[in-house]
Amino acid sequence: MDYNFKKEQAYIKAKKKVKDIKGFYIHLVIIFFSLPIIILTNLMFVPGFHYFWFSVFGWGLAFFFHGISVFGLKSLGFTKDWEENKIKEIMEEQLKKEI
């Protein structure tokens, strides 16, 4: 009975993760199609002021944080292994300088 409960919980977590990943890629597609429209509209009607940079920066920042919330910091390479490897690397450099 305990095994079935764990299996069901794993399924629910996996289903939520897939839904989150799907949302991330939908976000990417919306940005991919919307930003060129905003840029073209800006350049056609108000070429003297490039307000599209506000959209690029805002959506870029939102997309970055959305990616972090979906994939976590592991996608940037910040894991426990990374920390340990970096500590060892710095220790070795310090020891080499002392010798």
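Select Phe24 first. Beyond residues up to four places away in sequence, Phe24 touches Phe63, His66, Gly67, Val70 and Phe71. Phe24 is found in helix 1. Its relative accessible area is 9%, so Phe24 is buried. Keep in mind that this is a predicted model.

**Confidence colouring**

Colour by pLDDT before going further. The protein averages 89. Of the residues, 94% score at least 70. Which helix has the highest confidence, and which the lowest? Helix 2, residues 52-71, is highest, with a mean of 94. Helix 3, residues 80-98, is lowest, at 82.

**The aromatic cluster**

**His27**

Stay in helix 1, which covers residues 2-45, and select His27. Is His27 buried or exposed? His27 has a relative accessible area of 18%. The cut-off for buried is under 20%, so His27 counts as buried. Now show its contacts. With neighbours within four places in sequence set aside, His27 is in contact with Ala62, Phe63 and His66.

**Trp59**

Move to helix 2 and select Trp59. Which residues does Trp59 touch, not counting those up to four places away in sequence? They are Ile31, Ser34, Leu35 and Ile38. Trp59 and Ile31 are 28 residues apart in sequence. Their C-alpha atoms are 7.3 Å apart in space. Trp59 itself is partly exposed, with a relative accessible area of 29%.

**The nonpolar patch**

Switch to a surface view. Select Leu40, Met44, Phe45, Val46, Phe49 and Phe54. Together they make a nonpolar surface patch of about 710 Å². Which element gives the most to the patch? Helix 1 does, with three residues. Phe49 sits elsewhere, in the loop between helix 1 and helix 2.

Phe49 is partly exposed, at 46% relative accessible area. Phe54 reaches 58% and counts as exposed.

**Ring geometry**

Hide the surface and show the aromatic rings. How many aromatic pairs does the structure hold? There are seven. Phe49 and Phe54 form one of them, a tilted pair.

Next select Phe64 and Phe65. Their ring centres lie 5.3 Å apart. Their planes stand at 70 degrees, so this pair is edge-to-face. The angle that decides it is over 60 degrees. Phe64 is partly exposed, at 41% relative accessibility.

**Two salt bridges**

Now turn to the charged side chains. The structure holds two salt bridges.

Begin with Lys16 and Asp20. Their side chains meet in a salt bridge, 3.0 Å from N to O. How many residues apart are Lys16 and Asp20 in helix 1? They are four residues apart, so about one helical turn separates them. Asp20 is partly exposed, with a relative accessible area of 27%.

Then go to Lys86 and Glu89. These side chains also meet in a salt bridge, at 3.4 Å from N to O. Both residues belong to helix 3. Because Glu89 and Lys86 are three residues apart there, they too are separated by about one helical turn. Glu89 has 36% relative accessibility and counts as partly exposed. Lys86 is partly exposed as well, with a relative accessible area of 33%. Recall the confidence colouring here: helix 3 has the lowest mean, 82.

**Last stop: back to Phe24**

Draw a distance between the two C-alpha atoms. What separation do Phe24 and Glu89 show? Their C-alpha atoms are separated by 35 Å. Along the chain, Phe24 and Glu89 are 65 residues apart. The two ends of this distance have separate labels: Phe24 is buried, whereas Glu89 is partly exposed.

Technical notes. Residues numbered from 1 in each chain as written. Predicted model: local features only at pLDDT ≥ 70, side-chain atom pairs only at ≥ 80, totals over all residues. Heavy atoms only, no water. pLDDT = per-residue confidence, 0-100. Helix = DSSP H or I, 4+ residues; strand = E, 2+ residues; numbered from the N terminus. Buried < 20%, exposed > 50% of the residue type's maximum accessible area, 1.4 Å probe, protein only. Contact = heavy atoms within 4.5 Å. Patch = residues over 30% accessible without salt bridge, like charges linked within 9 Å, V, L, I, M, F, W, Y side chains within 5 Å. Areas by Shrake-Rupley, 256 points an atom, 1.4 Å probe, with all protein chains shown as cover. Salt bridge = Lys/Arg side-chain N within 4 Å of Asp/Glu carboxyl O. Phe/Tyr/Trp six-rings, centres within 6.5 Å; stacked < 30°, edge-to-face > 60°.
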